[in-house]
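Work through the following exercises with the model open beside the text. Each gives a task and then a solution in steps.

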Amino acid sequence: MEQYIIRGGNPLAGEVEISGAKNAALGILAAAIMTDDTVLIENLPDVRDINVLLEAMESIGVRVERITRHAVMMNSENIGEVSVDYDYIKRIRASYYLIGALLGKYKKAEVPLPGGCNIGSRPIDLHIKGFRALGAKVDIRNGFIVAQADHLRGSHIFLDTVSVGATINIMMAASMAEGYTIIENCAREPHVVDVANFLNSMGANIKGAGTDVIRIRGVQKLHRTEYSVIPDQIEAGTFMFAAAATKGDITVKNVIPKHLEATTAKLLEIGCEVEEFDNAVRVVASKRLCSTNVKTLPYPGYPTDMQPQIGVALALAKGTSIVTESIFENRFKYMDELTRMGAVVRVEGNTAIITGVEKLSGARVSAPDLRAGAALVIAGLAADGITTIDDIVYIQRGYELFDEKLRSLGAEIEMVHSEKEAQKFRLRCG
Ligand code: UD1
């Protein structure tokens, strides 16, 4: 039983260092198997999703050597299997990136079909459509996606929906297809660009990543590289909202401020001061937040992965706010938990109407998924009294040393493993 226990009420203040981007690293690690040379990847976040993907890769014969906590050397010349075990895909959906990588390199991949997850049904029809357009035969057999091709051939692919996963997966396979591929209506997220830059550093020829049309000239072989993953914009945004909700003053360091523009714009709208530096952003909240409306959209719109964090801030803002979730259908589960902490919320379909209250009060709540879990931590930090958060395994999927980083900002938060430890915390913190 691991839980976070929090005594809220302290304004968070100080500086915090942001880790490498989990979602970029997942794509980059998968892409790294596309060369037989040894690859060095730095600035990896030490979080559960990354560690599970590394295990999945080792299980098919990739040699992984951890140089430091945040760097690995990988060699994939002895991959013996193009079939990934269900156990891994169950624990981390993004192991589906191994389909694009294996298909590109070996023209064959067998990966279990990922199911839905806590935030929605999450189909992968667009990934499959892309692989088929490149000439692969793709079947669903016994719960596996089995993709194979004699030759992959460049193609003109139009994505019906803007999808980060499909863009990255198709981009990987097309990098080693014969000829020219154009992918239209691509996702423009910073991690799409980071995976493209990584592939290019291995000798791929990808142009246009970061725009909605990506053009790829396939190459036969990829080669060694050394690469450092970009900073995590969602981790950064989470700390920015922690400053807002606790009336704090936090400088998030090691970030690319451009990637945070949508988050920064909303923080300004709700009354925070935001100061941008070359690779840091400072958020100061000196007065009560005010309400606003927000709709999640693909990048450069407001990210769905930052929806629960702004939801918590708006639960404390003066006035009524409307939050519209347009990417995933089931991303308001945390609102029930927030209501138990005193928030006033009505959820209607993909819209949440939030009437801000002056104060939340501590309660025992459960993390429904990764980002919502982090948002509930913010709620606990802002609330009066003690909050206990169950199911923190979700939070550990994507936040490195979350409690430690928060403590360095003055938060009273601890990870406890038993009721006895929780009791000790309560006695100590009153
Ligand atoms: C990625 C991120 C996730 C983020 C999401 C949206 C990773 C590992 N995860 O997830 O944190 O919340 O982007 O920014 O990077 N869709 C289809 N068919 C498909 C694929 C997607 O209909 O084949 C739909 C989805 O149901 C969803 C929308 O497209 O409504 C966007 O999903 P997508 O961008 O693919 O999300 P992921 O790549 O899974």
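The crossing of helix 8 and helix 12 is right-handed, where right-handed means that the near helix is turned clockwise from the far one by less than a right angle, and left-handed anticlockwise. The model is a predicted one, in which local features need pLDDT of at least 70 and side-chain atom pairs count only at pLDDT 80 or more, while totals for chains, interfaces and linings use all residues. Residues are numbered from 1 along each chain as its sequence is written, and side-chain values use heavy atoms, with hydrogens and water left out.

**Exercise 1.** Describe how helix 8 and helix 12 pack, and name the residues that meet.

*Solution.* Begin with the axes, which come within 9 Å and cross at roughly 25°; they are lines fitted to C-alpha atoms over the stretch in contact, with angles from 0 to 180 degrees between N-to-C directions. Helix 8 and helix 12 are therefore roughly parallel (angles under 35 degrees; over 145 is roughly antiparallel, 65 to 115 roughly perpendicular, the rest oblique). Next, look for contacts (heavy atoms within 4.5 Å): Ile234, Thr238, Phe241, Ala242 and Ala245 of helix 8 meet Arg371, Ala374, Ile378 and Ala382 of helix 12. Finally, sort this contact by class, which gives 7 nonpolar, 1 polar and 1 charged residues (Ala, Val, Leu, Ile, Met, Phe, Trp, Tyr, Cys and Pro are nonpolar, Asp, Glu, Lys and Arg charged, and the others, Gly among them, polar).

**Exercise 2.** Describe the second largest pocket and state which helices supply at least two residues of its lining.

*Solution.* The volume of the second largest pocket is about 230 Å³; a pocket is an open set of points on a 1 Å grid, reached by a 1.4 Å probe, with protein on both sides within 12 Å along at least five of seven lines, and lining residues have an atom within 4 Å of a point. Of its 14 lining residues, Ala245, Lys247, Glu358, Lys359 and Ala382 are the closest to the centre. Helix 8 and helix 12 (370-382) each supply at least two residues of this lining, whose residues divide into 7 nonpolar, 3 polar and 4 charged.

**Exercise 3.** What is the volume of the largest cavity, and which residues line it?

*Solution.* A cavity is a set of points where the probe fits but cannot get out, and the largest cavity has a volume of about 80 Å³. Its lining includes Ala21, His191, Ile234 and Arg371, and divides into 6 nonpolar, 4 polar and 2 charged residues.

Technical notes:
Grid points are joined across faces, edges and corners, and a volume is the space filled by probe spheres set on the points. Helices (H or I, at least four residues) and strands (E, at least two) are DSSP runs, numbered from the N terminus.
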